[in-house]
Amino acid sequence: MKIIKNLIAIDLKDENEDYLFVNGINGMVDIVHKKEREIIENWRCADEIIIKDEFEQSIYDYLVSHQYIMDIDDEQTAKQNIIEKLKHLSDERSQNQRKACFVITYNCNFACPYCYEKEVETSPVISKSMVDKVFLDNPNIEYISFFGGEPFLNSNRDIIKYIISKAPDAKYSAITNGYYLLEYIDIFKSIDITSIQVTIDGTREAHNKSRCLINGSPTYDKIIDGIKICVENKIPIKIRMNISPENLANCLEEKKRIESTDWGKNVQFELQPLFQCSSSTSNDLYESLVDNDNEDGSTENQILKNLSPISDFLYNGTKLVPVLKTCDRDGLNRFYDPYGNVYNCILAVGQKHKSIGQYYPELSLKEKSFLTRDITTIEKCKNCANSLLCGGGCPNALYDTEDVFSPNCFNFLNDVNNTIPLVYKARMSS
Ligand SMILES: C[S@@+](CC[C@H](N)C(=O)[O-])C[C@H]1O[C@@H](n2cnc3c(N)ncnc32)[C@H](O)[C@@H]1O
Ligand code: SF4
Ligand code: SF4
């Protein structure tokens, strides 16, 4: 019997020098004090565990009962069984695709300087025959979302109505710049909408600087009017703010202002660091976001409801479940674009080399893509102790020159070194 290889020991960086032990096989989590940890670390390095006294015996018994100590072969078998079960589940789910996100067009009426789709060329609008093909291949679609470019341009109304006519009872969501909410309200009222995400980057003055029309005209007032009408009609709105050190205070000021209005009590918020921020800047911003999240009267930041598994467990109490992949964990994300390409990652949309294949004119998926990349296809992950809680990291952040089946340890290591100690501290003090 040995300390399992899949034990993840995380320094919580608190004054007691506590560690978080996570059992990478069964998802058990324990806070371990310095005294116990030193004994366990010695056992970890030794060829054989030798128990010296009653205290050590009690630790040993605890570790055995929580499967931190196991027979090496049993550990291997347990991990293999979990992987096979997850694979089976994911194969089963993929036979019955129920989600579809339509990238209506890559065209946009805004010119946000930071837009991660800036390099994507303008495009036609997705065609009716492309929409038909998606429904033909996936007859059980129940969740539909609209994305772009800008999905709610006036010129997109006909195709949006066509999609709705194919699935009038589906649940709908959208990510939009919100400029034409008023012009689309009749359509919104005719369907079941679970969320419309609209970006407001701070106060009127700040927002109008970063999110203006292509011709430079301001957009704030028209968007806010549209949001108010949606809220009046009980259409759920999530306000997104893209933050950086420069606009953080301004965005928090605007969040507070909106929260104090009648309509603002009924919106959700998602404040997220700009993707261009360096990791250390992003970590600092997360620290401020966690502080704001824990302030009295502050509406929850939805981005903090969607952390990586161990942080999510500590911050939100979400059950720790093993994963084969870091994102698109169920393997069910599908973004269908107006060129006939299909993606499974929202950040990859428009970059053809990152597509998982084509859906139009004929469905043909690549053998090697973000979809088939997981801890069983990435060589280095196969024997990594973190694999069932890491999932291989974000493939979109790999360099274009790298093999798509390369690991990206950054997300997991950043979580261990920064996010987990941060959210642990926040939870201990709340
Ligand atoms: C690319 S936009 C497309 C949909 C629509 N045009 C819109 O603006 O919502 C999708 C989402 O990404 C966000 N976004 C764009 N560029 C970003 C960046 N560099 N960092 C963080 N979020 C970004 C937008 O605010 C929006 O919520
Ligand atoms: S509105 Fe959306 S797609 Fe258009 S430039 Fe801004 S972030 Fe990009
Ligand atoms: S990406 Fe790195 S940390 Fe994650 S499972 Fe693979 S090798 Fe381990």
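Analyst: Pro361 sits in the loop between S14 and S15, where helices (H or I, at least four residues) and strands (E, at least two) are DSSP runs, numbered from the N terminus. This is a predicted model, in which local features need pLDDT of at least 70 and side-chain atom pairs count only at pLDDT 80 or more, while totals for chains, interfaces and linings use all residues. Residues are numbered from 1 along each chain as its sequence is written, chains are lettered from A and ligands numbered from 1 in the order in which they are written, and side-chain values use heavy atoms, with hydrogens and water left out.

The peptide bond between Tyr360 and Pro361 is cis, with omega about 5°.

Val103 stands opposite Phe147 in S7. Strand S7 (residues 143–147) is largely enclosed by the rest of the structure because 4 of its 5 residues are buried. Here buried means under 20% relative accessible area, exposed over 50%, and partly exposed in between (1.4 Å probe, protein chains only).

The loop between S7 and helix H5 (157–166) holds Gly149. Most residues other than glycine have a negative phi, and most peptide bonds are trans.

Gly149 also takes part in the surroundings of the ligands. Ligand 2 is surrounded by Cys108, Phe110, Cys112, Cys115, Gly149, Asn177 and Arg211, where a residue is near a molecule if one of its heavy atoms lies within 4 Å of it. This shell consists of 4 nonpolar, 2 polar and 1 charged residues; Ala, Val, Leu, Ile, Met, Phe, Trp, Tyr, Cys and Pro count as nonpolar, Asp, Glu, Lys and Arg as charged, and the others, Gly among them, as polar.

Around ligand 1 there are 18 residues, of which Tyr114, Thr199, Arg240, Asn242 and Gln276 come nearest. The shell divides into 7 nonpolar, 7 polar and 4 charged residues. A polar backbone atom of Tyr114 is 2.9 Å from a nitrogen atom of ligand 1, and a backbone N or O atom of Gly149 is likewise 2.9 Å from a nitrogen atom of ligand 1. An oxygen atom of ligand 1 has a backbone N or O atom of Thr176 at 3.2 Å. Ligand 1 taken alone exposes 540 Å², and the protein buries 96% of that; accessible areas come from the Shrake-Rupley method with a 1.4 Å probe. Two or more residues of the shell around ligand 1 come from each of strand S8 (171–176), strand S9 (192–199) and strand S10 (237–243).

Ligand 3 has its own surroundings, made up of Lys380, Cys381, Cys384, Asn386, Ser387, Cys390, Gly392, Pro407, Asn408 and Cys409. Helix H12 (379–382) and helix H13 (387–390) are the elements that give two or more residues to this shell. It divides into 5 nonpolar, 4 polar and 1 charged residues.

Cysteines occur around ligands 2 and 3, but the disulfide count is 0, a disulfide being a pair of cysteine sulfur atoms within 2.5 Å. Cys230 is in no disulfide, and the nearest cysteine sulfur, that of Cys108, is 18 Å away. Cys230 is buried, at 0% relative accessibility. Cys327 is in no disulfide either, with the nearest cysteine sulfur, that of Cys394, at 5.1 Å. Cys327 is partly exposed, with a relative accessible area of 38%.

Two further loops have backbone angles to check. Lys234, in the loop between helix H8 (220–232) and S10, is not a glycine but has a positive phi of about 60°. Lys234 is exposed, at 75% relative accessibility. Lys13, in the loop between strand S2 (7–11) and strand S3 (19–23), has a positive phi near 55°.

Terms used
A polar contact is a pair of N or O atoms within 3.5 Å; within protein, one must be able to donate a hydrogen and the other to accept it, and residues adjacent in sequence count only if both atoms are side-chain atoms. Two strands pair if DSSP finds at least two bridges between them.
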